[in-house]
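Here is a short report on a protein model and its ligand. Look at the structure first, then read on.

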Amino acid sequence: MGKKVIRIGLLGVGTVGTGVVRLLTEHREELERKAGAKLELARVAEKDTKRALEAGVPKEVLTDDAYNVIRDGSIDLVVELIGGINPAKLFVLEAIKSGKHVVTANKALLAHAWDEILMAARQRGVEVYFEASVGGGIPIIQSLSEGLAANRIQSIFGIVNGTTNYILTRMDKDGKTFAEALKEAQKLGYAEANPTLDVSGGDAAHKLVILSSLAFEASVPLDQVYTEGIEALTPQDLVYAREEFGYVIKLLAIAKAAEGQIEVRVHPVLIPETHLLADVEGAYNGIYVVGDWVGATMYYGLGAGQMPTASAVVSDILYLARSIAYDVAGRAGWGPFGDIEHAPAKLPIRPIADITCRYYLRLDCADQPGVFAAIAKILGDHGVSIAALAQKERSKGNKVPVVILTYEAKEKDMQDALHQIEALPAVGKRNLLIRVERGE
Ligand code: HSE
């Protein structure tokens, strides 16, 4: 038998840390029953000690130096809720080195240092849990690493950034511009401190590294995730997509197994309005995972916020506490990588130029004879076939938006065609290409 009391060290009492302290206090009895041990918040580090005291951290356990937690030999597991890469990485690696199990919500850290952290943990025989790093309260990490473990994952389509989903929903439902909707999202507290990370797709790319590394037992380098944001979208694109073609526009994190390669990309996507992900609105997240035997599965919930995120952190604490209490934590290596000797694979990542999909193309054209014909010829010359096409009446000036939906084409051919189309004197520069996915 392991331990009767699990001593928890907490680093960071910000929004999520405050939620964790609250949850551990308010649900103490049930949590301890489930863990089979007492859960003691033994040491807490927070630079802003006033904030920590207000959050209910007892004075006698509080310190302003993280090393007082990490180097305390009586601590069993360290919960890192500082965020960002440094110094969080130093603290996590040091905690692992000193034999402590780790719970973290830190997506940026895992996306940048996946191999280093997980291999360090395996070598030291400790476990790292990170349910809160993707999808807030949605148990997607457990689902991929345990619940779907019998499957070969074929594809993941994730709405994993609440800020961009909120913005796109407001643009779609209320006709707001990108800038107006972003301001609203910031006011509601969904955006990261630096909203660029949200709107540029960077936050979703961090999360995709974690999801795809888990799904494919691999180590997916962040710099190989093709990433585009939503800044160039206009409310008209959402109207055209829906009314002309029956699609909605979402920012998706996509991972696909593709004939010995994997595709990992984050960009705006037209998905059919009948797809389950089309109904994921506002700040909600939705993750659609297809396994070879299970088929399609879908996970939905709040991807951010104090208590949803704390819910995931405390579930990790509980899971680890139970393993420590029964003296099995770290014994079997770290779950998703299976065999303790087995290092994460380096899978070849398909270059974006080689992917194949359908495309939505919005072109800013002069309204004059022969323009369609010239565009259609260039597309045809590149093997890109038009599936549907719409032109709106010109509103002002001589310019008119032309929207085209193509059949499947290779990205490189589509990009080459667009390049040539943009060189036509009748076509302006404010054009937009969005990939179309069936989401299967
Ligand atoms: N900024 C993130 C989002 C928070 O909008 O989803 C959760 O990671």
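## Contacts with the ligand

Threonine 163 has a side-chain N or O atom 2.6 Å from an oxygen atom of the ligand. A polar contact here is a pair of N or O atoms within 3.5 Å.

This is a predicted model, where local features need pLDDT of at least 70, side-chain atom pairs count only at pLDDT 80 or more, and totals for chains, interfaces and linings use all residues. Residues are numbered from 1 along each chain as its sequence is written, and side-chain values use heavy atoms, without hydrogens and water.

## The shell around the ligand

The residues surrounding the ligand include Val160, Tyr190, Glu192 and Lys207. Helices are DSSP runs of H or I with at least four residues, strands are runs of E with at least two, and both are numbered from the N terminus.

## The sheet

Six strands build an open sheet with parallel pairing. Their order is β3-β2-β1-β4-β5-β6. Strands pair if DSSP finds at least two bridges between them. At the edges are β3 (62-63) and β6 (128-129), each pairing on one side only.

Strand β2 (residues 38-45) runs parallel to β3, joined by two bridges. Alanine 45 stands opposite threonine 63 in β3.

Notes:
A residue is near a molecule or strand if one of its heavy atoms lies within 4 Å of it. A polar contact is a pair of N or O atoms within 3.5 Å; within protein, one must be able to donate a hydrogen and the other to accept it, and residues adjacent in sequence count only if both atoms are side-chain atoms.
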